[in-house]
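Biologist: Can you walk me through this model? I'd like to keep it quick.

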Amino acid sequence: MNIILLGPPGAGKGTQAHRLVEQYGMRQLSTGDMLRAAVKAGTEVGRQAKAIMDAGGLVSDEIVSALIDAELTALEDETGAIFDGYPRTRKQAERLDALLAQHGRKLDRVVELQVDEEALVDRITGRYTCAECGEGYHDRHKQPEVPGKCDKCGSTEFKRRPDDNEETVRHRMSVYRSETAPILPYYEERELVTRIDGMGSIEEVSASIDSLLK
């Protein structure tokens, strides 16, 4: 299946996408990750993107489309795709439909993880990760079993994202509502949208998504 995961930053899209990759062998197509990989690899598209980003500009739809086209070309027919961070506008949504059609695919489902803004602020501002292996923790909801020591790799070094603060989180929510959410009517017209309570536990959200893939 080919699905889009929608929801504001911190809604749990990354966690759920990672689980889908592990459980179903799907491929997560994150535009941010693809851009960084292309820049690091020094591909033609990567060089174009780097020049734009170094100048403080926004990468064009054409460049992002080229990255997605390349990823879809490399996917085996039986491998499903998870689109994360794309599309963000109706124009991009229409372009994605065209790209999928070119590769003999179609979009099967759009999953929006809905969240409560106040709870999301608490969730994001309290999170941190192991600096060594990336295991995630939270000040109130998930502390290491041994204080100051990562459960997974034993490291004692942890880090927080500098933008995980209340002001930034509320700004992200505002941007999501104004820029990304408006693409939902485009997919609702085709009855592709399913909304899931993203404030449930990871297991509860996973079970809801799994029910859509059967």
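**A walk through the model**

Modeller: Let's start with Ser174: serine 174 has a relative accessible area of 37%, so this residue counts as partly exposed. Keep in mind that this is a predicted model.

Biologist: Where is the place of serine 174?

Modeller: Serine 174 sits in helix α7, which covers residues 166-180.

Biologist: And how many Å separate the C-alpha atoms of serine 174 and glutamine 23?

Modeller: Those two C-alpha atoms are 33 Å apart. Along the chain, serine 174 and glutamine 23 are separated by 151 residues.

Biologist: New topic. Which feature does UniProt place at residues 127-163?

Modeller: The UniProt record, an unreviewed entry, gives "domain: Adenylate kinase active site lid" for that span.

Biologist: How much helix and strand is in residues 127-163?

Modeller: The span is 0% helix and 24% strand. The C-alpha atoms at the ends of residues 127-163 lie 11 Å apart.

Biologist: In what order do β6, β5 and β7 form their open sheet?

Modeller: The order is β6-β5-β7, with antiparallel pairing. The edge strands are β6 and β7, and each of them pairs on one side only.

Biologist: How many bridges join β5 to β6?

Modeller: Three bridges link β5, residues 127-130, to β6, residues 136-138. Arginine 127 has histidine 138 in β6 as its bridge partner. Tyrosine 128 stands opposite tyrosine 137 in β6.

Biologist: And how many bridges are there between β5 and β7?

Modeller: Two bridges pair β5 with β7, residues 158-159. Threonine 129 has lysine 159 as its bridge partner in β7.

Biologist: What about the hairpin of β5 and β6?

Modeller: Five residues lie between the two strands. In this hairpin, glycine 134 takes a positive phi near 85°.

Biologist: Let's do rings. How many aromatic pairs does the count come to?

Modeller: The count is four aromatic pairs. One of them joins tyrosine 128 and tyrosine 137.

Biologist: Why is the pair of tyrosine 128 and tyrosine 137 called stacked?

Modeller: The ring centres are 5.8 Å apart and the planes are at 25°, so the pair is stacked. The cut-off for stacked is planes under 30 degrees apart.

Biologist: Are tyrosine 128 and tyrosine 137 buried or exposed?

Modeller: Tyrosine 128 is buried, and tyrosine 137 is buried too. Together with Phe158, Tyr128 and Tyr137 form one aromatic cluster.

Biologist: What lies over the face of tyrosine 137?

Modeller: Lysine 142 does, at 5.2 Å from the ring centre.

Biologist: What kind of aromatic pair do tyrosine 186 and tyrosine 187 form?

Modeller: Tyrosine 186 and tyrosine 187 form an edge-to-face pair. Their centres are 5.1 Å apart, with 75° between the planes. Both tyrosine 186 and tyrosine 187 are buried.

Biologist: Next, cysteines. How many disulfides does the structure hold?

Modeller: It holds zero disulfides. Cysteine 133 is in no disulfide, and its nearest cysteine sulfur is that of cysteine 150, 3.7 Å away. A disulfide needs sulfur atoms within 2.5 Å.

Biologist: Are cysteine 133 and cysteine 150 buried or exposed?

Modeller: Cysteine 133 has 31% relative accessibility, so this residue counts as partly exposed. Cysteine 150 is buried, with a relative accessible area of 3%.

Biologist: How many residues are in the largest nonpolar core?

Modeller: That core has 30 residues. Among those with the most contacts inside the core are Ile4, Phe83 and Tyr187.

Biologist: Which element gives the largest share of this core?

Modeller: α4 does, with five residues. β1, α2, β3, α5 and α8 are among the elements that each supply at least two.

Biologist: What covers the story of β3, side by side?

Modeller: Both faces of β3, residues 81-84, are covered. Ala81 and Phe83 are buried on one side, and Ile82 and Asp84 are buried on the other.

Biologist: How many bridges join β1 to β3?

Modeller: Four bridges join β1, residues 2-6, to β3, and the two strands run parallel. Isoleucine 3 has isoleucine 82 as its bridge partner in β3.

Biologist: And how do β2 and β3 pair?

Modeller: β2, residues 27-30, pairs with β3 in the parallel sense over four bridges. Serine 30 stands opposite aspartate 84 in β3.

Methods: Residues are numbered from 1 along each chain as its sequence is written. This is a predicted model: local features need pLDDT of at least 70, side-chain atom pairs count only at pLDDT 80 or more; totals for chains, interfaces and linings use all residues. Side-chain values use heavy atoms; hydrogens and water are left out. Rings of Phe, Tyr and Trp (its six-membered ring) pair if their centres lie within 6.5 Å; planes under 30 degrees apart count as stacked, over 60 as edge-to-face and the rest as tilted. Buried means under 20% relative accessible area, exposed over 50%, partly exposed in between (1.4 Å probe, protein chains only). A charge sits over a ring if NZ of Lys or CZ of Arg is within 6 Å of the ring centre and within 35 degrees of the ring normal. UniProt positions are given in the numbering used here, feature names are shortened, and annotations may be inferred rather than shown by experiment. Two strands pair if DSSP finds at least two bridges between them. A nonpolar core is a set of buried Ala, Val, Leu, Ile, Met, Phe, Trp, Tyr and Cys residues joined through side-chain atoms within 4.5 Å.
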